[in-house]
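Please keep the sequence and the coordinates open while reading.

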Amino acid sequence: MLTANDIDAMDYNQLIGVVRETNRPPGGLRSIALLARHGFLARDSHVLEIGTSTGITAVELAKLAGCRVTAIDINEESLREARRRAEDEGVAHLISFERNDATDTGYDAGSFDMVFCGNVTSLIPDRERALAEYTRVLKPGGFLAAVPMYYVDRPSDRLIADVSEAIQVDIQPHYQDFWLDFFSGPQRQTYLSRAFRFDTLRPADVDRFVDDILRRPHLAELPADAREVLAKKYREHMQLFRVNLSHMGFTVLLLRKERVEVEPELFTSSPV
Ligand SMILES: C[S@@+](CC[C@H](N)C(=O)[O-])C[C@H]1O[C@@H](n2cnc3c(N)ncnc32)[C@H](O)[C@@H]1O
């Protein structure tokens, strides 16, 4: 049974597992569906999902395409919830949830048709190593699906410091170009790139959401002081993310691993 001290020591990614939040990639189900469709996922596809958290992306890909998914995370509490979700949704037979690190998975080279990394790569200190690992385990012709989040206007230093502390990651305020440059390269050609901006929510919208989450029956089993710490921490985190996301956007990005290196496209274009 978790104590107040256990919960006090947790960062946001661990709290997600405790409250069983549906931790979606940016853009939620629409991003997942867009990437599944444009990445030609089918029943015989095998996807590696990085940083699955409580499993929504893995479950949704299995439901949409009937494909096999190997979904990894370093956080066991979230993986437990992800396995429960897959059972409830009737797709547990298609998904293997494994505790594993994105930078050194140990999977054979060329074993996946898609690597789906959502917005996870920005949380990994050695992101170059993670990208090299995604590329290594992809089949030639396979797709890398990413949904990087970034600032669309300049955040204050205070906001960056507060978010860094909440998620225990040293956040650098990057913008869209940084992530497009990071993911593309001679071995990875961009097939889809759609940019969005987060909506601005009111504090009351977040409070309502948090109240609903905190009423979940399984949380009633916690000792009263642990519940109190959880409620305070979770609400503070969500209100902080509300402010942070009002300065942010994301791009739904699909890149293909090429067999041969190709020069970059010169005459690029945009929808009008
Ligand atoms: C914000 S949540 C992911 C949300 C959602 N799945 C997405 O696609 O954006 C980030 C998750 O990545 C996990 N994570 C962080 N570093 C990792 C690593 N090196 N390898 C695997 N998972 C990692 C965290 O434990 C957390 O559950």
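## Basis and overall fold

The model is predicted, so local features are given only at pLDDT of at least 70 and side-chain atom pairs only at pLDDT 80 or more, whereas totals for chains, interfaces and linings use all residues. Residues are numbered from 1 along each chain as its sequence is written.

The protein chain holds 10 helices and eight strands, where helices (H or I, at least four residues) and strands (E, at least two) are DSSP runs numbered from the N terminus. Its radius of gyration is 19 Å, which agrees with the value near 19 Å that a compact globule of 272 residues would have; the radius is taken over C-alpha atoms, and the globule rule is 2.2 Å times the number of residues to the power 0.38. Taken along the principal axes, the C-alpha atoms of the protein chain fill a box of roughly 60 × 45 × 35 Å.

Of the 272 residues, 35% are buried. A residue is called buried if 20 or more other C-beta atoms lie within 10 Å of its own, exposed if 12 or fewer do, and partly exposed in between, with C-beta atoms placed from the backbone. Among contacts between residues at least 6 apart in sequence, 80% join residues at least 24 apart, a contact being a pair whose C-beta atoms, placed from the backbone, lie within 7 Å.

## Cores and helix α3

In soluble globular proteins, nonpolar side chains tend to be buried together. Here the largest nonpolar core has 49 residues, and those with the most contacts inside it are V47, L61, V69, V115 and L144. Helix α4 gives the most to this core, with six residues. Apart from it lies another core of seven residues, including I7, A226, V229 and Y234. A nonpolar core is a set of buried Ala, Val, Leu, Ile, Met, Phe, Trp, Tyr and Cys residues joined through C-beta atoms within 7 Å. Leaving aside neighbours within four places in sequence, L144 is in contact with V115, Y134, L138, F183, R188, L255 and K257.

Which residues of helix α3 (residues 28-38) are buried? They are S31, I32, L35 and A36. Seen down the axis of α3, these buried residues fall within an arc of 130 degrees, so they line one face of the helix; the arc is that of the directions from the helix axis to the C-beta atoms. The buried residues of α3 pack against α4, β4 (112-118), β5 (138-146) and β8 (248-257).

## The ligand shell and its surroundings

The ligand is surrounded by 21 residues, of which the closest are P25, G51, S53, A102 and G118; a residue is near a molecule if its C-beta atom, placed from the backbone, lies within 6 Å of it. The shell divides into eight nonpolar, 11 polar and two charged residues, with Ala, Val, Leu, Ile, Met, Phe, Trp, Tyr, Cys and Pro counted as nonpolar, Asp, Glu, Lys and Arg as charged, and the others, Gly among them, as polar.

G51 is found in the loop between β1 and α4, and T52 has its place in the loop between β1 (46-50) and α4 (56-65). Beyond four places in sequence, G51 is in contact with D73, A102, C117, G118 and V120, while T52 touches T57, A58, A71, I72, D73, A82 and F97. I16, in helix α2 (residues 12-19), is in contact with E21, N23, S53, T54 and S78, again leaving aside neighbours within four places.

| Pair | Apart in sequence | C-alpha separation |
|---|---|---|
| G51 and D73 | 22 residues | 4.5 Å |
| T52 and S78 | 26 residues | 8.2 Å |
| I16 and E77 | 61 residues | 8.7 Å |

Each of the following counts as buried by its C-beta neighbours inside 10 Å: G51 with 24, T52 with 28 and I16 with 21.

## Positive phi angles

Most residues other than glycine have a negative phi. S53, which is not a glycine, has a positive phi of about 55 degrees; S53 is found in the loop between β1 and α4 and is buried, with 26 other C-beta atoms within 10 Å. Q168 also has a positive phi, near 55 degrees, and is found in the loop between α7 (157-167) and α8 (176-183). Is Q168 buried or exposed? With 12 C-beta neighbours inside 10 Å, Q168 counts as exposed. F40, which follows α3, has a positive phi near 55 degrees.

Definitions and conventions:
Contact = placed C-beta atoms within 7 Å.
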